[in-house]
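Here is a short briefing to read alongside the structure.

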Amino acid sequence: MSSSNTLLERRYAALGLMLIAPTVLVFCAVIIYPLVSAIYLSFFNIFTPTLEGEWVGLSNYTELLQTGQFWSALGNTLIWTIGTLSLQIIFGIAMALVLHQNIWFRSLARSLILFPYFISTVVAVLVWKWLFNDLYGIMNHLLISAGIIDFPMDFLGTMPNAMVSVILVGAWKYFPFVVIAVLARLQSIPDALYEAAKIDGAGPIARFFDVTLPQLREVLVVIILLRAIWDFKEFDLIFLLTGGGPINDTQTLPLLVYQEAFALNDMGRASAYAVVMMAIMLVFMIVYIRRTRSEGGS
Amino acid sequence: MAHLRKILFNLMAWSIVLAVAFPLFWMLVTSVKPQFELFRRPPTILPETWTFEHYWTLLADTNFLVYFRNSVILSSATTLLVVAVATLGAYSLVRFKYRGRESLAFLVLFTYLLPSVVLIIPLYLLLVQLGVSNTIFSLVIAYTTFALPYALWLLRSFMAGIPEDLESAALCDGATRMGAFRDIILPQLLPGIISTALFTFILSWNEYLYALVLVNSDSSRPLTTGVMNMLISSFNIEWSLLMAASVMMSVPLIIVFAFLQSYLTRGFGAGGVKG
């Protein structure tokens, strides 16, 4: 009996391997191979148009650590990530609390809030470029008629405006993610907790800090890690809004990799940038992965 | 008193919602204004003259329809490929026991978080060497790099939510493992498959970086880079035309939103933020 059981188990294991085989195959071809290859390439000097190159050892790495551009890109990446992430979190929680209430046409409100997250970054950028337009944009018109500024403002071409604009558009585009995740968690907080707090005489603000926030803690950690990883590697939004400019003042690491590989035509150097960037992200990724796995895999 | 507070709260809530949605409203309004009305000071909130000329120009005089067709082919192909592979893979990862299964699940999550700029240079070299660069096919290959880990991760959590008893019962009744998969698991997994497919489709529809690097001929460009090119290459920017393009580009999303929203929210909960 036991031998037939193990036979069945073995056959099941073989079937399991067969089912995962296509996945493994695709993974090896389009993810593992390029990943290893990126690390390998970072030891070369490769001229993009001809794709010819020579082994240069670690010099890509030593050079990049000495150039100011890497450090300023890293600084920009951190400013962008921290700025947009905190706005996403604060605004996301606030919006989730509002949408958790029984407001009129709640599902319509929810769809409207979700929409920026699902539209293409290209669409978002086109719309915001039009809003930000210096001559005919509605932003300048509104700010001038409200008396906040006297002359049309250049939102994307000067500093610090460009960084602030990019951070704000990023927050607008990605805060719905926080809203939905927090909203889902809010709905599962038992009402009894709020009742108990009410009986103890806690006002709405005290209830938020004593009941809601502790209940949200777990999900917030996960959201912050995920969003930090995604914001850190964001390319489309910044590239399309400012292209890294003015000069290089909004150039983040992903933009630097792109520039190095496809504008300055040095794929080896670009790979080195990419590998260093990945090494920095690895810290967040490992924390996130360990968290998800300790929760039992789902 | 409580009534008044409720009204005030609603007004406040809705003004925030409308402020967030304003850029999208403005996109719609701009796309139906005649060109000269855009330069009006102060701007008109609702168009004085409604016109659909920009939509006609877009369809008749630009490459928009080609880009649109390319995007439909590209996103559908990616979605079909990825969902098929990931459904089998997720079934294997959740319901079978073999060595290396745990490390595979770890690898999936890792690649789900991996930045595209790391993979893009070797992928570019690989696709050039294979001689398939500049084709829609090359983009399908590139898109699996982010779509497959994503779909696997989503489907894995959907699969984990299906009770094991049903499958065991079918196996006791003499069903084969694949028979049980077809008759028991697949029907139960269908909502999960639909929302995974929707998300994969949206991800592919919106992708920009790979399309920018891998394709530079108008015949195989998807919408994202195609429409962006209309901005960059135009001598004087026609904002109404660009807004019309943006609206048209978002039409599939609006359809998904209107009819399949419950699938979207379901997928959202499963996508790694299950606290």
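Into which domains is chain A divided? The answer is domain 1, covering 2-41, and domain 2, covering 66-294. Please keep in mind that this is a predicted model.

**Domains of chain A**
- Taken over C-alpha atoms, the centres of domain 1 and domain 2 of chain A are separated by 36 Å.

**The hairpin of chain A**
- Strand S1 of chain A (residues 44-47) pairs with strand S2 of chain A (residues 52-55) in the antiparallel sense, and the pairing runs over four bridges.
- Phe44(A) has Trp55(A) in S2(A) as its bridge partner.
- Opposite Phe47(A) you will find Glu52(A), again a residue of S2(A).
- Four residues lie between the strands of this hairpin, and Leu51(A) takes a positive phi near 60°.

**Where chains A and B meet**
- Chain A brings 74 residues to the contact, and chain B brings 76 residues.
- On the side of chain B that touches chain A, helix H1 of chain B (residues 2-31) gives the most, with 13 residues.
- By class, that side of chain B consists of 55 nonpolar, 18 polar and three charged residues.

**A helix pair across the contact**
- Two packed helices are described by the angle between their axes and the distance between the axes.
- For helix H4 of chain A (residues 106-118) and H1(B), the angle is about 40° and the axes are 9 Å apart.
- How does H4(A) lie relative to H1(B), and why? H4(A) is oblique to H1(B) because of their angle of about 40°, as angles under 35 degrees count as roughly parallel and 65 to 115 as roughly perpendicular.
- From H4(A), the residues that make the contact are Ala109(A), Leu112(A), Ile113(A), Phe115(A) and Pro116(A).
- From H1(B), their counterparts are Trp14(B), Val17(B), Val20(B), Ala21(B) and Leu24(B).
- Sorted by class, the contact of H4(A) with H1(B) has ten nonpolar residues, with no polar and no charged ones.

How values were computed:
Residues numbered from 1 in each chain as written. Chains lettered and ligands numbered in written order. Predicted model: local features only at pLDDT ≥ 70, side-chain atom pairs only at ≥ 80, totals over all residues. Pairing = 2+ DSSP bridges. Helix = DSSP H or I, 4+ residues; strand = E, 2+ residues; numbered from the N terminus. Domains from an automatic or database assignment. Contact = placed C-beta atoms within 7 Å. Nonpolar A, V, L, I, M, F, W, Y, C, P; charged D, E, K, R; others polar. Axes fitted to C-alpha atoms, helices over the stretch in contact; angles between N-to-C directions. Parallel < 35°, antiparallel > 145°, perpendicular 65-115°, else oblique.
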